[in-house]
Amino acid sequence: MANLSLITPIEYLKGVGPQKADVLKKELQVFTIGDLLLYYPFRYIDRTKFYKIQQLHPDLVGAQVLGRLISLQEVGEKRSRRLVGQLRDDTGMIELVWFQSITWLKKNLKIGSAYIIYGKPIEFNGQLSITHPEMDLYNSQEKKVGNMSMQPVYSSTEKLKKFSLDTKGLQRLQQTALETVFRTLQESLPNYILERHQLLPYPQALVAIHFPQHVNDLNAATKRLKFEELFFIQLRLLRNKQLNTQKYKGHRFDRVGDKFNTFFTKRLPFPLTNAQKRVVKEIRLDTNTGSQMNRLVQGDVGSGKTVVALMSMLLAVDNGYQACMMAPTEILANQHYIGLKELLGEDICTIKLLTGSTSAKERRILHRELEEGTLDILIGTHALIEDKVKFKNIGFVVIDEQHRFGVEQRAKLWRKNAIPPHMLVMTATPIPRTLAMTLYGDLDISIIDELPAGRKPIKTVHFFESSRLRMFGFMRDEIAKGRQVYVVFPLIKESEKLDLLYLEAGLENLQREFPLPQYKISIVHGKMPVKDKDFEMQRFVKGETQIMVATTVIEVGVNVPNASVMVIENSERFGLSQLHQLRGRVGRGAEQSYCILMSGNKLSKDGRQRLQTMVRTNDGFEIAEVDLRLRGPGDISGTQQSGVLDMKIANLASDQAVLTEARATVIEIFNEDPSLSSEKNRLLVDYFNRRSPLFNWDKIS
Ligand code: ADP
Ligand code: MG
């Protein structure tokens, strides 16, 4: 067994061999002994807890019982051949049943002896039994309870089980692996950090996570390993951030000029909220440091991110640079363009729109103006990042609703200038803190946590199908008051046909309830040509139609202040953040607004919780947290490419405290020792030298 270490291929571990190695690789991506040790148990059975036979019931996932084996009998023939034992304690009797290893069991089990058994109680013909229980002879002299108090359970697959790699088999392998490489295990965190945070040394933690002797062991090991995992992710992110600032000189915006001031004093139709002021100031300071800014602005729907973006762009223009703003859809780019143009008026600076629908002729003019520098601000879709689009001097880039843009796209914008422009990323809705720290951990974060004054909170109700007529009545009342209504249908890619059916049936229904000529309805869905979409949108924006029936194309950014009711059909089929975004389309004017969540009678537990959350709160930050808890980070957009999902033990939904601690520690370390040159941080440098990057973001910088 000499010379085996963490990086030794798994087939060399005793008890593995080529076949088992093969399934381990295919099923669990375990290639080395180190990989195996990183395959942690997903839960533990508390072997200190005993059940009396009378307390057993089929809802238990597993139970441990101390009893005496009073009989053992082979029954049935051929395929129904089985071994049946009877276990008794002072409260009753239960049957134990085995279909395999019958000969061996008959020889080894001792009738009349006391056993500690473990297994899942099942009910069959009204009788409780346990199939294939684990059997441990009870040794009263040693007062030993099995051999562990917390028994690890590893998740396994059918294929693994074929090679005896069920939870027991995996447990045995882990034991061999630990014994084999224990002496080579090295600490990865500096001593002073272990001490300061009272963390177990690595080898000890690794043993305890696989074979905890006590629940306290397990807790200490879990804490240590979570801290380590999150610590190194943060170390990498903050290291990238630090390198960016050192490597990239940034444009220095050292003055607030005429354009910014004219806009602020003459054009701005409302006072900024304190949160908006604070964020504009953060951006102003950050663009005047001589380093490139990379900032994320988080704000709830309707918190007024756009005007913050505009003022930042004016700051760039005042300092002699161009600016651009990129939106994820054509509709949204359009609306930004129209809105910003109106806010700016004619004389502050030049602004144009570039999307897939821009004609070749317009494009040629626009390209020329960009290169000559006569165009100050460009709004657009991802058409902006095409290589043909060249700026004379781009100084500031805004990405609206970032999570739809890949990291690669962000990078393309950087390369549009010798000195990379300042980057401002705006989220559509808030994302949970832990996710922000991990997905955008290399960005600075600004938060707009205040809505403009005078907004009336949207009232949200949940209606079942049986209240449909009431809902129609309510729509009629609101329309009679001169307001407009959205009715949104779900759109789920896998079943476009079905979705269209829903939409058509729903539409027919609406047309019957709201007939011409009294009522007019706009329809927008994903399959329509952009021109028709725009036309329909515009009819609604201008108030020519009272009802807008749509699939989720209106999800992002659309602004119609006179719309006061949002009806969401099949609302149980939407995710929380989507529901919140949709709701954010109303409540933009002075009137009281409403959101009506329609759903079928049958709701899943998650579905019910989503709708209840929507009814309970309007706070996007709170909703984002619930969303993370319900779905886990895997389903939240933007996480797929980020490495968040590769976490072995930490969980962004529940480990906020550890994450905050880890990040604060890393920040402290960089403040004290920016180049990690002090001896006590040597292990951290080793980390960078040893590991392949967790995140590919290095490439971008
Ligand atoms: P979001 O943050 O969702 O992008 P918007 O920037 O679209 O929000 O702003 C929503 C609406 O609120 C717009 O009509 C905008 O003009 C308005 N608005 C923004 N800031 C203020 C403010 N300080 N006071 C009043 N209205 C504001
Ligand atoms: Mg917006």
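The model is predicted. The domain assignment divides the protein into five parts: domain 1 (1-48 + 167-181), domain 2 (49-148), domain 3 (186-247 + 655-701), domain 4 (258-448) and domain 5 (459-617).

**Domain 1 against domain 3: extent**
- The centres of domain 1 and domain 3, taken over C-alpha atoms, lie 24 Å apart.
- Domain 1 brings 10 residues to this contact, and domain 3 brings eight residues.
- About 830 Å² is buried between domain 1 and domain 3, and carbon and sulfur atoms give 79% of that area.

**Domain 1 against domain 3: the domain 1 side**
- Tyr40, Tyr44 and Leu178 are the domain 1 residues that lose the most area to domain 3, together 58% of what that side buries.
- Between the two domains there are zero salt bridges, while two residue pairs are in polar contact.
- Helix H2 (33-37) and helix H5 (167-181) are the elements that give two or more residues to the side of domain 1 that touches domain 3.
- H5 supplies the largest share of that side, four residues.
- By class, the side of domain 1 that touches domain 3 holds seven nonpolar and three polar residues, with no charged residues.

**Glu478**
- Glu478 sits in helix H16, which spans residues 468-480.
- Glu478 counts as buried because its relative accessibility is 2%, and the cut-off for buried is under 20%.
- Apart from neighbours within four places in sequence, Glu478 is in contact with Arg483, Ser564, Val565, Gln592 and Tyr594.

Terms used
Residues are numbered from 1 along each chain as its sequence is written. Chains are lettered from A and ligands numbered from 1 in the order in which they are written. This is a predicted model: local features need pLDDT of at least 70, side-chain atom pairs count only at pLDDT 80 or more; totals for chains, interfaces and linings use all residues. Side-chain values use heavy atoms; hydrogens and water are left out. Buried means under 20% relative accessible area, exposed over 50%, partly exposed in between (1.4 Å probe, protein chains only). Contact means heavy atoms within 4.5 Å. Domain bounds come from an automatic or database domain assignment. Buried area is the accessible area (1.4 Å probe) that two parts lose on being put together, summed over both. A salt bridge is a side-chain nitrogen of Lys or Arg within 4 Å of a carboxyl oxygen of Asp or Glu. A polar contact is a pair of N or O atoms within 3.5 Å; within protein, one must be able to donate a hydrogen and the other to accept it, and residues adjacent in sequence count only if both atoms are side-chain atoms. Ala, Val, Leu, Ile, Met, Phe, Trp, Tyr, Cys and Pro count as nonpolar, Asp, Glu, Lys and Arg as charged, and the others, Gly among them, as polar.
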